[in-house]
Amino acid sequence: MLEQNPEINKTDNSITHKLSDSTFLELRKFIYLRTGIFFTEKKKYLIEGRIAKRLQLLKLVTFEDYLNLLKHSQYKNIEFEHLCNVITINETSFFRNEPQINAFEQRLVREVITLRKKQDTNKIRIWCAACSSGEEPYTVALLYLETIKPQYPDINFEIIGSDINTAMLDYAYKGIYSHYAIRSMPHTYVKKYFDNHNGLYHLHQEVKDLVQFEYINLIDHNRMRQMLHFDFIFCANVLIYFDHKAKVQVVGDLYNSLNRGGYLYIGSSEMLHGVSSAFKLVSLPKATAYKKE
């Protein structure tokens, strides 16, 4: 365990967790280079508050000690994982963006299935990038079981959910959710695909088996080059945390990950204007998608 390292477990009664402006800039640069996530000066308080908990746990005296741990300690890779877990925002739910979900189910997936059948393949590959605790890929799995598979029994879905937050990936793998997570889900789905145990909703195994979860850092260009041949990519409310340079890189990699005729979904408040002109913008009822022609 990281906390058992005597080098890290210093004890000092004068522990104070004050993040100086200069150290904040160094931490921000480190986080940006490793994840693509950019924190403005206005978010200094967020970094200070969240990382301070790691200092307390590790019994480190200063943020400078913590930065040194991230850069030079033999435990730096382990601590980087912890860092990602505390700085990432994890806000999601089942059936979160109803217009996007409706357009996917009622139009786009049927269009792509028709195209793939002409290409003599029965597999639809879907990637939910930055999926947090898994509600998004599981929503796709539920749609497949409930409405798509009955109409296209010969079509198979391969669904991948990925994130940089390993704690959220563990949570997703377990498939146990609070009432808050299912608040937007039609009751018929809750009744059919979940078991309620003392207010916690356990997702049925047949749904969980449809989703494979992986650790993927979207700014890791080499890893992204391995993510190929997808028909749909969901990457909602992620680009807002990147600066322009990181957006261009990530969106370029997502484009390369798509099959021709495939679609990219991003958040309703996000756009690719000025980031990429490679996609065709497709207008949908109360939603948009980006097509790779």
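**Stop 1: a loop residue**

Select His 204, which lies in the loop between strand S5 (200-203) and helix H9 (205-208). The structure on the screen is a predicted model. Display the neighbours of His 204 as well: leaving aside residues up to four places away in sequence, His 204 touches Lys 192, Tyr 193, Phe 194 and Asp 195.

**Stop 2: helices H1 and H4**

Select residues 21-35 for helix H1 and residues 76-87 for helix H4. At what angle do the axes of H1 and H4 cross? They cross at roughly 95 degrees and come within 12 Å. H1 and H4 are therefore roughly perpendicular to each other, since angles of 65 to 115 degrees count as such. To view the contact, show the side chains of Phe 30, Ile 31, Arg 34 and Thr 35 in H1, together with Asn 77, Phe 80, Leu 83, Cys 84 and Ile 87 in H4. Coloured by class, the residues of this contact divide into 6 nonpolar, 2 polar and 1 charged.

**Stop 3: helices H2 and H3**

Now select residues 44-58, helix H2, and residues 63-72, helix H3. Their axes are 10 Å apart, and the two helices pack at an angle of about 80 degrees. That angle makes H2 roughly perpendicular to H3. On the H2 side of the contact, select Glu 48, Ile 51, Ala 52, Arg 54, Leu 55 and Leu 58; these residues meet Phe 63, Tyr 66 and Leu 69 in H3. In this contact, 7 residues are nonpolar, none is polar and 2 are charged.

**Stop 4: helices H5 and H6**

Proceed to helix H5 (98-118) and helix H6 (135-148). H5 and H6 pack at an angle of about 70 degrees, and 12 Å lies between their axes. H5 is thus made roughly perpendicular to H6. Is the crossing of H5 and H6 left-handed or right-handed? The crossing is right-handed. From H5, the contact takes in Ile 101, Phe 104, Glu 105, Val 109 and Ile 113; from H6, it takes in Thr 139, Val 140, Leu 143, Thr 147 and Ile 148. By class, 7 of the residues in the contact of H5 with H6 are nonpolar, 2 are polar and 1 is charged.

**Stop 5: the largest pocket**

**Stop 6**

Finally, select Phe 38, Phe 39, Thr 40, Lys 43, Leu 46, Ile 89, Ile 240, Tyr 241 and Phe 242, the residues that line the second largest pocket. About 150 Å³ of space lies in this pocket. Its lining has 7 nonpolar, 1 polar and 1 charged residues.

Notes: Residues numbered from 1 in each chain as written. Heavy atoms only, no water. Axes fitted to C-alpha atoms, helices over the stretch in contact; angles between N-to-C directions. Helix = DSSP H or I, 4+ residues; strand = E, 2+ residues; numbered from the N terminus. Parallel < 35°, antiparallel > 145°, perpendicular 65-115°, else oblique. Contact = heavy atoms within 4.5 Å. Nonpolar A, V, L, I, M, F, W, Y, C, P; charged D, E, K, R; others polar. 1 Å grid on protein atoms, 1.4 Å probe; cavity = no way out; pocket = protein on both sides within 12 Å on 5 of 7 lines; lining within 4 Å. Points joined across faces, edges and corners; volume = space filled by probe spheres on them. Left-handed = near helix turned anticlockwise from the far one by under 90°.
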